Every structure is written in C-alpha cells, then in structure tokens.
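Please read it alongside the sequence and the structure.

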Amino acid sequence: MYRPGVESELVDDPASVNGKAVRMPGNYRNWSVQVPLEQIYDTHAKWRVHFDLRCEGAGNDGGALTCGLYDALGKKDIWKAGIAISQIRGERYTTISSPPLELPKNNLLIYVQPWGRPENELKAIWVDRIYLTRE
C-alpha cells in the first residue's frame with residue numbers, strides 16, 4: 001500500500017473474501033496498491049492476473065482506475081487496462097482479468113492506480129485481492 005492512511009488503508013469489508021480490503025480514495029493518481037513479485041518460477045507458462053475490484057461514487061461514466069503489470073527491470077508496461085466506473089460500481093466485487101501473458105522471470109510489479117476523479121464522482125476504490133492463475 002502506498003501512503004497508508006492517506007492514499008490507501010486496510011479496512012473491514014464483509015463483501016471481501018477474508019473480511020478485509022484495501023480502500024483508496026478516488027481522487028489520487030498514484031499506484032496506491034502495489035504488489036511486487038520478486039520471482040516467477042514457471043516462465044514457460046502464460047499467466048493471467050486477476051483483480052477483484054469495486055468502487056463507490058455518483059459518476060455514471062468515465063474511468064475509475066488503471067490496473068496493470070510493470071516490468072521494473074525493462075522499465076515498461078507488460079499490460080494495463082483502464083476500468084470504467086460503470087464496470088465496478090456497487091457493493092459486490094467484479095473480477096477484472098488480464099489476457100494470458102508471458103511474465104518476466106523477476107522484478108514484476110502489479111498495481112492499481114485511481115484516475116484522480118473528484119470525490120463527488122468517485123468516492124473510493126476497493127481492492128479485495130489480486131491473484132495469478134497459470135494457463
């Protein structure tokens with residue numbers, strides 16, 4: 001979590017898998033949730049990265065966040081997707097998944113970045129979990 005208590009916080013959430021989630025205000029534009037992966041052991045496989053997300057706010061259209069994978073050694077995005085408010089608004093989590101990807105052996109960073117919307121449009125983004133599955 002980036003800047004805990006300011007741009008992210010771990011909170012109770014009965015809608016999440018384990019009763020906890022990361023809550024981020026929607027008005028920041030940093031990678032407020034970051035998951036570093038030091039090593040991928042099966043680099044011959046393709047992987048999907050799944051993000052369980054939801055948001056709250058009154059905005060009816062436009063972007064809520066970007067989720068993605070960043071190659072820290074190569075200094076480039078491997079994959080990223082802009083997610084609309086309408087895709088994840090509500091009290092239930094929605095799973096957003098990457099396509100099957102070849103991942104670098106090490107130094108991968110998975111992130112969630114709010115789009116910096118005004119609070120009356122996007123009050124908060126919630127991240128329940130981020131996980132990988134092998135294809």
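## Cysteines

Cys55 has a relative accessible area of 1% and therefore counts as buried, a term that applies under 20% relative accessible area, with exposed meaning over 50% and partly exposed the range in between (1.4 Å probe, protein chains only). Cys67 is buried too, at 0%. The model is a predicted one, in which local features need pLDDT of at least 70 and side-chain atom pairs count only at pLDDT 80 or more, whereas totals for chains, interfaces and linings use all residues. Residues are numbered from 1 along each chain as its sequence is written, and side-chain values use heavy atoms, with hydrogens and water left out.

If a disulfide is taken as a pair of cysteine sulfur atoms within 2.5 Å, the count comes to 0 disulfides. Cys55 is in no disulfide, and the nearest cysteine sulfur to its own, that of Cys67, is 12 Å away.

## The open sheet

Five strands, in the order E1-E2-E9-E4-E7, make up an open sheet with antiparallel pairing; strands here are DSSP runs (E, at least two residues), numbered from the N terminus, and two of them pair if DSSP finds at least two bridges between them. Strand E1 (9-12) and strand E7 (94-97) stand at the edges, and because each has a single partner strand, one side of each is left without a neighbour in the sheet. From one strand to the next the twist averages 40°, with axes taken as lines fitted to C-alpha atoms and angles running from 0 to 180 degrees between N-to-C directions.

## Aromatic rings and a charge

The structure holds 3 aromatic pairs, where rings of Phe, Tyr and Trp (its six-membered ring) pair if their centres lie within 6.5 Å, and planes under 30 degrees apart count as stacked, over 60 as edge-to-face and the rest as tilted. The rings of Trp31 and Tyr70 are edge-to-face because their planes stand at 70°, with the centres 5.5 Å apart. This pair links distant parts of the chain, as Trp31 lies in the loop between E2 and strand E3 (33-39) and Tyr70 in strand E5 (residues 63-71), 39 residues apart. Trp31 is partly exposed at 23%, as is Tyr70 at 21%, and together with Tyr111 they form one aromatic cluster.

Elsewhere, the charged end of Arg54 sits over the ring of Tyr93, 5.4 Å from its centre, and Arg54 also lies over the face of Trp126, at 4.2 Å from the ring centre; the rule asks for NZ of Lys or CZ of Arg within 6 Å of the ring centre and within 35 degrees of the ring normal.

Conventions:
Helix = DSSP H or I, 4+ residues; strand = E, 2+ residues; numbered from the N terminus.
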